Amino acid sequence: MTRRRSRLLAEIVTVLVAAAVAFPLYWMVLSALKPAGEIQSTDPRPWTWAPTLDSFERVLTVDGFARYFLNSVVVATAVVALSLLMSFLSAVALTRFRFRGRTVLLVMLLVAQMVPIEALTIPLFFLMRSVGDVVPAFGLNELGSLVLVHLAFSLPFAIWMLRGFVAAVPVELEEAARIDGASRLRFTWQILFPLVLPGLVATSVLAFIHAWNDFLFAKTFIISKTENQTLPQAILVFFKPEENDWGAIMASSTLMTVPVLVFFVLVQRRLVSGLAGAVKG
Amino acid sequence: MATRELTPAPARTAVPPARRTRRRGRDGRSAALYLAPAAVLLLGVLAYPIYQLVVISLYDYGQAEAAGNAPLVFLGLENYADLLRRTQFWVVLAKTLGFAAVCVVGSLAVGTALAVLASRVRAVPRMLLFLAALGAWATPAVAGSYVWLFLFDADFGLVNEVLAGLGFDGMAGHSWTFGTYSAFGLVAMEVIWCSFPFVMVTMYAGIKGIPDEVVEAASLDGASWPRIATAVILPMLRPLLLIATIQSIIWDFKVFTQIYVMTNGGGVAGRNLVLNVYAYQQAFAGQEYGQGAAIGVVMTLILLSVTALYVRSQRRSVELT
């Protein structure tokens, strides 16, 4: 009897903790839906009887957030597509081909994941400035510069993680395909690629989140061309010395969180097992 | 770990020795082709900037030099010596370490405690907890920072209203971001909120991976629950706990977004600076790129020593061939 009661108690605590953890998110969405008078109020209520999309409308139409949202989507999508392609090719090479220096490369990949990328802001700023002189689309103030850095930062982990997925495909399959007359290229794209697709999905979600959430590099690279800002940096405009527009801040935060949340929920199982696999090696 | 094993040791290719060398040569060429795109990018946008970071830190690199209007003056280690002489650097370093320690201990404690809790309840409450944690995990750092700021806002925040309602009259209009420690505390809460889920999920998987028989055998032998927890479960979770700890140290030591957003660039008079933000401010606000780079190098070296631990803990379970 006492065991059942203690379990019930544990379950009540669990639900309360879950509510507390979710509360900030609830508050964010709620505040985004509240009419202006209820937000700038010294008597905030944890509910509203007059939900409105005013804040969203203000954010999207007046402040040009549709543009920033699109910028974020473009950067994140480009990073995902390119990192998918590059990491798949590299993972195939690192698991299926035998060549000298492979172990060294693997160790370097592991070390590369540990580089504190934030420390590289300064040299990357100058690098992008020089790149911009040659290829303007990848220079400062352009979305291309953000794509480049996030691609570089997400690749080591993506390759490392995909390596596991590629290795899980039995080598016998490749031999069977070769005996049946399929070239290596054909095997890679028509058999291996679809087989490791689940792994690619999990990997690309991480790359997406990485690029989507970035604040530091967007702030450093996109200096004067404000139309090329991405969401995290653009929200800063609502902070005014006199009074913050909390309704707009919460609405844009919601806009920023929803895509990530959707991705997370879609792939959470794969993500968790993938992370576990990556942590374990 | 209970989750699916994703990386079994790759099976050996059944190539007879005579063919092996020939294949190896051909493999090398295709491998180079497959690796080229990633290699070019990583060399250019990761390896080269690391080298450049060190180079910049050795020069007097200010506004004029960055614009190309003045010749570069090689300083050697002068930027570093200057840094070490500054009181502010040591204060920031101490605050960074303290802040990171609070965040690491907080997320490990919360994450592990909730993992234990989750392993002892039925599916529905557990699912609710995991969903909530997933939400916190997925929230972008910027969005999370704003929500926490709003909750703790001096005038319109829920927290102050609740506290005032409970009889703490002084709390109405209280600014949480003004004081050094309350600002750090607020940021730490946000950081713990979004980083405990990783610990929780990892530790939960670890707890689930412990076979029931082991725990049963211990309890049959008369071991009490606290004893089972400390003498059986904890040792089995140690490798995972180590990885979660090191991962958290790496994350929390270089928190940038939350500090920058929540304390508005490092707090009043820079008293909420951490190394990362300090380097950024030195370089991009103060136009002292050389100084900023030197801070970056110091930060990298500190993290590298933690990384060495990480690699060592990984090497045991990772097969690199």
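These questions and answers cover chains A and B of a predicted model.

Trainee: How many helices are there in chain B?
Mentor: Chain B has 2 strands. Buried residues make up 41% of its 321 residues. The helix count for chain B is 13.

Trainee: For contacts in chain B with a separation of 6 or more, what percentage joins residues 24 or more positions apart?
Mentor: Take the contacts in chain B with a separation of 6 or more. Count those between residues 24 or more positions apart. Their share is 68%.

Trainee: Is Ala205(B) buried or exposed?
Mentor: Ala205(B) sits in helix H8 of chain B, residues 180-209. Within 10 Å there are 20 other C-beta atoms. The cut-off for burial is 20 or more, so Ala205(B) is buried.

Trainee: What distance separates the C-alpha atoms of Ala205(B) and Ala154(B)?
Mentor: Along the chain, Ala205(B) and Ala154(B) are 51 residues apart.

Trainee: Which helix of chain B gives the largest share of the side that touches chain A?
Mentor: The contact takes 85 residues from chain A and 86 residues from chain B. On the side of chain B, one helix gives 18 residues, the largest share. That helix covers residues 17-57 and is H1 of chain B.

Trainee: By class, how many residues on the side of chain B that touches chain A are nonpolar?
Mentor: The charged residues there number 9. The polar residues number 18. The nonpolar count is 59.

Trainee: How far apart are the end C-alpha atoms of residues 68-92 of chain A?
Mentor: The unreviewed UniProt entry lists several spans of chain A as "transmembrane region", including 68-92 and 246-267. Residues 246-267 are 100% helix, with end C-alpha atoms 32 Å apart. Residues 68-92 are also 100% helix. Their end C-alpha atoms lie 36 Å apart.

Trainee: What distance separates the centres of domain 1 and domain 2 of chain A?
Mentor: Domain 1 of chain A is 1-52, and domain 2 is 63-280. Their centres are taken over C-alpha atoms. The separation is 33 Å.

Trainee: Which helix gives the most to the side of domain 1 of chain A that touches domain 2?
Mentor: The contact takes 8 residues from domain 1 of chain A and 6 residues from domain 2. On the domain 1 side, H1 (2-33) and H2 (36-39) of chain A each supply at least two residues. The most, 4 residues, comes from H1(A).

Notes:
Residues are numbered from 1 along each chain as its sequence is written. Chains are lettered from A and ligands numbered from 1 in the order in which they are written. This is a predicted model: local features need pLDDT of at least 70, side-chain atom pairs count only at pLDDT 80 or more; totals for chains, interfaces and linings use all residues. Two residues are in contact if their C-beta atoms, placed from the backbone, lie within 7 Å. Ala, Val, Leu, Ile, Met, Phe, Trp, Tyr, Cys and Pro count as nonpolar, Asp, Glu, Lys and Arg as charged, and the others, Gly among them, as polar. A residue is buried if 20 or more other C-beta atoms lie within 10 Å of its own, exposed if 12 or fewer, and partly exposed in between; C-beta atoms are placed from the backbone. UniProt positions are given in the numbering used here, feature names are shortened, and annotations may be inferred rather than shown by experiment. Domain bounds come from an automatic or database domain assignment.
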